[in-house]
Structure formats: C-alpha cells, structure tokens
Amino acid sequence: MDLHVRPYDSAVTQSDDVVVTVIDHPNNNNDEVGAVSSRSARFHDLNRLIQSPPTLDNKVTGKWQNLLLAYKTLGVVFGGLVTSPLYVYPSMQLKSPTEENYLGIFSIIFWTLSLIGVVKYASIAVRADDQGEGGTFALYSLLCRNINISILSSKHSRTKSSTAEKPSKLGKFFEASLVARRVLLFIAILGMCMLIGDGVLTPAISVLSAMDGIKAPFPSFSKTWVEVLSAVVLIVLFLLQKYGTSRVSFLFSPIMGAWTLTTPLVGIYSIIKHYPGIYKAISPHYIFSFFWRNGKEGWLLLSGTILCITGSEAMFADLGHFNKSSIQIAFLFTIYPSLVLTYAGQTAYLIRNPYDHQDGFYKFIPSPVYWPMFVIATLAAIVASQSLISATFSIIKQSVALDYFPRVKIVHTSTRQEGEVYSPEVNYILMVICVAVILIFGDGQDIGNAFGVVVTMVMLITTIMLTLVMIIIWRTPPVLVALYFVIFFVMEGVYVSSVFTKIPEGGWIPFAISVVLAFIMFGWFYGRQRKIEYELTHKIDVDSLKALLSDPGIQRVPGLCFFYTKIQDGLTPVLGHYMKNMKSLHNVTVFTTLRYLLVPKVPAHERIIVNKLGLKGVYGCVIQYGYADSLSLEGDDFVLQVTNSLQNHVRDSSDCAQSTTSLDEEIDDIKEAKLAGVVHVRGKTRFHIGKSCSWFDRTMLAFYEVLHSNCRCSLPAMGIPLPHCIEVGMHYEV
C-alpha cells in the first residue's frame, strides 16, 4: 500500500496454520504457480517501513504538497544519512593525517555522495518503483511480475507475464534455472536483512557518537562512562517503544531540520576560518593522488569513508511513504548540500588540526555554540535511531504477514497509523544486541567497521537488482546498462573489498545477523510455499465434498463447527483427512478464512462475509479485519455475529422456488447447531520427507519444521477457547 492509499487491493492474513497470506492480485491464478507469483508480486509490502501521513493527489496539491512532504522526509527518511558526520572521521584509522590526505578523503566523500547519492539513488533507483513502492523487494516484485521466477521446481505452466513482450535472454535464463531463481530470492532477502542489521547498528553508533561530545568540556569523563551513558539512553529508548511514537513523532522533522540547517552553517564558518580553498578537492585529481601516495593504506581507509553515504538506501526503500518528487527535492536541495558543506567544514578544520580526527565532529564546533549543537546532535541521533527501530518492527511485521518470517507477537501502538507497530521479542533482542555492541566494542572505529559492511552490501545488492530490472523489464540499451553496471559495481565492489577486511574487527556482527536472518526467512518462506503447493494440488472442491458426504459411513453430528481453511478457491485437504478418519461432519459446518486487510478498521457490515456452498449445512465465511482491529474469536459474540450473518444471508439469498418451510428449517438448523455446541477445527500439518526428496528439499523442509515447532502458536493470538478447539494433524508427503 503506497501513499495513494489503495485499502482493498491487497489482503494478507497472518502466516500460521489457520490464517494465511491472501493476495487479491489482478493477475492472480488459481494454480500453484499463480499463487506463488501473486504472493511474490507483493514483496514490496515489506518495504512499508515506518509511519507517515498519506499523500494527496499531486495534480491537486501540486508543488506545495511536495514541499510539505519533502520537509516530513527529514524526520523519517534521512535520519541515518544526515547524521553520518558524527562518526565518519572518528571511524578512520589515519596513520598520516596530512593536508594532501585530508583533501583526498574529502574528494572521495564528495564523489561518493554525488555518484551514489545523486546519480544512483536520487536519479535512477527512485524510478524503479513497483506501484509506488521502493526497496530491494520492490525490484524483486517487478521481476516476479514479468518473468516466472518461482522458487519451487514446479511442473506447472508458466505464469502470464504482465507485459506482452517476449522475455529477454537473461529472463529466459532465470526461468530455466531453478538455482538462479533461488539465489536471486536469497539475494533479495539478504538485502532486506541488511536493513535489519542497519537497525541494530544505527542506534549504537549514532547515540555513542553523539554522547562522545561530553568528553571535550569534561576531560575527566572517561570513555567507559560515555559507553555506559549511551547504553542507558538506548535502554530507555527501547523500553519506551511499547508506548509508540505518535505523541512525539511531530518533533522528528523539526529536530532533523535544525540539524540539517545548523551543521552546514558551522561548516561554512570552519571553511572561512581554517581553509577557504577546500573546494579545490572536488577535482578527482586528488583521489588519484591519494591512492598513489597511500596505496594499500588508502584502500583500507575506504571502510571509513563509505559511512558518509549510510542511510541512502532509505531514499529508495521509503518511496511508499512519500513520493519520488518529495524525496528528490529533500535530498538535492537540503541533505546533499548540507552534507557537502558539513564535510568540507570538518575537513578544513582537520587540515589545520590534523590529529583531531578521532573526535572529528565536536572538535570543529565553535565554543559559543558547543552545547546547543551537542543537544541537537543528541536529539538527531535519537531520532535517527528511532526511525531505524520502527523500520525494523515494520519489516518484521510485514514479513510475518507475508509468510517470510516465523510468527512473533505484533502490537499496534496506534489506531491511526499501521506503521506504528511494536514487537516485544524483536524489541528486546535489538536492545540486547545494541547495548552489547556498545559495551563490548565501545570503540567508534570497531562499530564503524561493522556499519560499513551493512552499507556496502545493501548498495551492491541494489546495484545488481537494478541492473536486472534494466535488462529484463526496461530493456535499456546495452551500452547504458554496461555504463551503469561498470561504474557502480566497480565502485561499490572496491568499497566492499575494503570493508570485508574489517570482518574480524567487528564487521562480522551485522554480516552474521543478516545471513542468519536471511536463512531463517528463506527457509520459512520455502516451507510455506511447499505447503501452498501441496494444498492447491490436493484441495477439495464442492463436488469432492459432496462425494465424501454421500458415503453412508459419514455421519452428520449435532453442533456448529468452524473449520479453518487457508484456501479461498477450494477447501483444505485437512478436511478430507478429517472426514475419512473421524467418519463425521457437523450438521452446520462453516469453512472460515481470516483475511487481514491493510486498513485501520474494517466496518462492521464488511467484517463477516458468508455464502452458501451448495450443500446442506455447509457454508463459507471470510472474516476481515484491519491492523487496528482486535482479532479475537473468544466468547459468544463472535459465534453470534456469524450465525446472525448466516441467517440473514439465508433469508436474503432465498428465491421464489424455495418454500418458506424449507427456509425456516434451514434457519432453525443453524440455531439448533449453535445450541448443541460450538467447536473450532484447525489443521496441524507437518511435512513427511520421503526418501525420494532431493537434498535441498530435505535440508530446507527439515529446517522449516524446526522453525515451525518453535514459533509462537496461533491459538493464543486468535483467542480461541482451548476447550472448544480441535487440532487435526496431517502429514504432507513431499
């Protein structure tokens, strides 16, 4: 769902044995491939990171609305990027801090911001949106909807492409290679997991760098106390997450606006006072001279300079919250010049004070404005941290909803903004990791090393995915594709090679977190897809149910049964397993599907949708709920609502051929079944991994079963009274 809200064009439900992701996609097919493709086509829902007000139509609001949105992006999109001057220079291990080296470093920073920030993200990447959504998964979504890149080795026919053009040679390669498709999915997942790793490190490095400013006016304030104070600030920040951010979020943009305005002013003052000729370093000549003089040492310093572009991925990933124009305006006219002036001022100061780079930000702040800048820096670091924490919650929440992550508890802290979510498990894991990073590593250089791994990997993955989109979908001329790929892949590849040398010095932290998360998500998603494949292949239609009921051994027993199914076009195979073994079906059976809509609240008259399935006492029911609705099936209220809806539907759908007597009998049957007792039946399915399975299936499905056995149970989340619940176990043979 992008800013131009389309509340009912997609519907997803929680990923468990009862509630399943349901995507109403225009090109959705009923076979396995169509189901997988339509689900994959909504990958970009994962990039709906943090809350923001919906936009109005640009044609109506025009430039003023874009300017207002550009202002709001300061507090949501650019927090990580614009606070990078706090830790770039302190993260560098400068052995020979000379004027020539500082000019070379500033030249590298300037061209990194210009090429990656302005050209790649602000000019090219923002055009690769998928229905208004951005990010790594939006690129994967575009590919999914144009070529068949299902990760299952299905023998079904290829899904229809959303374009009439024939697939390119590269597109045909991915369609033909199962390994390539699975690698592509893993790369897309890894890119998203790197953003979660960013959510771990941004709070640590931002708050620690801001708190480091206390040491200058108070030399007796040791490094240990700075680390402890930073850890306390982070602990308080994480403990406040359960209350949400709606009450203070209106302050985010003013705080970041103040930071974005004041730091370049200090930079201009520093340039005039210390080194007015700093902008001669814009010439690429200084980059070549820097590497010529420093060789390997200069290459290793790239692991620090890359941090100047940290957070730039948010320009692309947060497209769904704002729009292309607002993000471009904010970056090109505020963020980019602010960063260039700030880094120029820092470098000008360091040229005259070459050994102050360990505290490269606060040292260049003039004494009269030191404390105001310290306060602004601390608040800006907290806002940047909050944005990434909220982003992590939203990514996990969407991952759970779209079947890419095992179930965790998700709490909505606002009834107005879906993006304001909180997960206790995720929150405390993040808190422990962030505090551990500060207390164990402490040194800004080590945390900077870890941060650099995240930044470079996300950029490189985006470059690869963008190249595929250019070739397969945009059909960009090969010369332009080659130019783009060579420039950015080589540039970012050099950065990656430098950063990876820091893996033993702290860089392993986000890399390990991201890889583990990626394997968890890939394994969970693969297992869920195999279940969908099995269920769609073995689903029971109305005719099959009629044949089962015609068996004289099957008895209709008194009572009302809610039989939960994941399939809308058909019934779960668990039903056949249940009837063949229990030899019974309740007099009134309601096959129920829970559907999660991307809206705050579903109106009461749209919450329960019922229909007849053409057999006596057999009905279908879809329960729709929004992110601010309470999904609870506890008590008689839910049963009463459904039975009332069934009775109303029976009355409204009756025709002239149906006698009043039979109509009354049907309604009486519903009432009697309710009085006889209510039971909720759900499937508890497991894979039976046969000897004929490939090694890949054996490994991934066994891993999925481990995840499935240890994730949160769906029953407490749904509030089903345990005495009224029956779980039907069934093995899916693969």
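1. Basis. Residues are numbered from 1 along each chain as its sequence is written, and side-chain values use heavy atoms, with hydrogens and water left out. Because the model is predicted, local features need pLDDT of at least 70 and side-chain atom pairs count only at pLDDT 80 or more, while totals for chains, interfaces and linings use all residues.

2. Salt bridge count. With a salt bridge taken as a side-chain nitrogen of Lys or Arg within 4 Å of a carboxyl oxygen of Asp or Glu, the count is seven.

3. Arg682 and Glu727. These side chains form a salt bridge with an N to O distance of 2.4 Å. Arg682 belongs to strand β7 (residues 678-688) and Glu727 to strand β8 (residues 725-733), so the pair ties together parts 45 residues apart in sequence. Strands here are DSSP runs of E of at least two residues, and helices are runs of H or I of at least four, both numbered from the N terminus. Arg682 is buried at 1% relative accessible area, whereas Glu727 is partly exposed at 37%. Buried means under 20%, exposed over 50% and partly exposed in between, with a 1.4 Å probe and protein chains only.

4. Glu666 and Lys612. The two meet in a salt bridge at 3.4 Å, N to O. This pair also links distant parts of the chain: Glu666 is in helix α23 (residues 660-676) and Lys612 in strand β5 (residues 608-612), 54 residues apart. Glu666 is buried at 16%; Lys612 is partly exposed at 30%.

5. Asp212 and Lys215. The closest N and O atoms of this salt bridge are 3.3 Å apart. Asp212 is buried, at 18%, and Lys215 is partly exposed, at 30%.

6. Helix α17. Among the buried residues of α17 are Tyr484, Phe488, Met491 and Glu492.

7. Nonpolar patch. Trp225, Val228, Val232, Val236, Leu240, Tyr243 and Leu439 form a nonpolar surface patch with about 700 Å² of accessible area together. Patch residues have over 30% relative accessible area and no salt bridge, with nonpolar side chains (Val, Leu, Ile, Met, Phe, Trp, Tyr) joined within 5 Å and like charges within 9 Å. Areas come from the Shrake-Rupley method with a 1.4 Å probe; for residues, only the protein chains shown count as cover. Helix α8 (residues 223-239) gives the most, four residues. Val236 lies in α8 and is partly exposed at 44%.
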